[in-house]
Amino acid sequence: MAEKKAFNLKVITPGGVKVEERAEMVIMRATTGDMGVLPGHEPCSAALDQGILRITAAGGRQRRLGVFGGLAKVEGDTLTVLTGLAQWPSEVEPELAQAERDECLVRLREERDHAHTQRDKELLNQALVRIELSEFRDEA
């Protein structure tokens, strides 16, 4: 029996299906650290952190997708990612992401309550992911 070289990848947001394609490998940021999925991966689930989903599509083409939390589930020959927000590099405005980062840093220097500080840290992480993602705007 021939070894499988690809699996199904689905990324679903509240707005609908963001990605549905065959992939050779996916690396994602789980809350416990980076996690890779290859064909034949054992069934599992993982909570996702904010980070960049690195996709090696069938045929070797590499793409990146910003994912801002969610859940990943490997079942059979399918990796399903459920997330509240996913962005391609072309959907990120670098100047806006940098402005968001700067605003969060200013607010974090102020004395605020714990809830506001935690929210600002989360927004800062989102801005940093977007800044990193924007570096790949020229990827097709």
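The model is a predicted one, where local features need pLDDT of at least 70 and side-chain atom pairs count only at pLDDT 80 or more, while totals for chains, interfaces and linings use all residues. Residues are numbered from 1 along each chain as its sequence is written, and side-chain values use heavy atoms, with hydrogens and water left out.

A cavity here is a set of points, on a 1 Å grid over the protein atoms alone, where a 1.4 Å probe fits but cannot get out; a pocket is an open set with protein on both sides within 12 Å along at least five of seven lines; and a lining residue has an atom within 4 Å of a point. Points are joined across faces, edges and corners, and the volume is the space filled by probe spheres set on them.

First, the chain as a whole. There are seven strands and two helices, and from the N terminus the order is β-β-β-β-β-β-β-α-α. Helices (H or I, at least four residues) and strands (E, at least two) are DSSP runs, numbered from the N terminus. Along the principal axes, the C-alpha atoms fill a box of roughly 60 × 30 × 25 Å. Of the 140 residues, 36% are buried, where buried means under 20% relative accessible area, exposed over 50%, and partly exposed in between, with a 1.4 Å probe and protein chains only. The accessible surface is about 8300 Å², and carbon and sulfur atoms account for 49% of that; the areas come from the Shrake-Rupley method with a 1.4 Å probe, and for residues only the protein chains shown count as cover. If we take contacts between residues at least 6 apart in sequence, 53% of them join residues at least 24 apart, a contact being heavy atoms within 4.5 Å.

Next, the strands around β2. Two strands pair if DSSP finds at least two bridges between them. Strand β1, residues 7–13, pairs with β2 in the antiparallel sense over seven bridges, and Ile-12 stands opposite Val-17 of β2. The hairpin joining β1 to β2 passes through two residues. On to β3, residues 33–37: β2 pairs with β3 antiparallel, over five bridges, with Met-28 and Met-35 as bridge partners. β2 and β3 also form a hairpin, with two residues between them. β2 runs antiparallel to β4 as well, and five bridges join them; there, Ile-27 has Arg-54 as its bridge partner.

Back to the cavity. How many cavities of 30 Å³ or more does a search of the whole structure find? The search finds one. Its lining is made of Met-28, Arg-29, Leu-48, Asp-49, Gly-51, Ile-52, Leu-53 and Val-67. At least two lining residues come from each of β2 (16–30) and β4 (44–57), and β4 gives the most, with five. By class, five of the lining residues are nonpolar, one is polar and two are charged; Ala, Val, Leu, Ile, Met, Phe, Trp, Tyr, Cys and Pro count as nonpolar, Asp, Glu, Lys and Arg as charged, and the others, Gly among them, as polar.

Now the largest pocket, which holds about 200 Å³ of space. Its lining residues are Ile-27, Met-28, Arg-29, Asp-34, Gln-50, Gly-51, Ile-52, Arg-54, Arg-64, Val-129, Glu-132 and Phe-136. β2, β4 and α2 (114–134) are the elements that give two or more residues to this lining. Which element gives the largest share? That is β4, with four residues. The pocket lining divides into five nonpolar, two polar and five charged residues.

Arg-130 is in helix α2. Is Arg-130 buried or exposed? Arg-130 is buried, because its relative accessible area is 15%. Beyond neighbours within four places in sequence, Arg-130 is in contact with Phe-68, Leu-85, Gln-87, Val-92, Ala-97 and Glu-100.

Gly-33 belongs to strand β3. Its relative accessibility is 26%, so Gly-33 counts as partly exposed. Gly-33 and Leu-123 are 90 residues apart along the chain, and their C-alpha atoms are separated by 19 Å.

His-41 sits in the loop between β3 and β4, and counts as partly exposed because its relative accessibility is 26%. Leaving aside neighbours within four places in sequence, His-41 is in contact with Met-35, Gly-36 and Val-74. From His-41 to Ala-30, 11 residues apart along the chain, the C-alpha separation is 16 Å.
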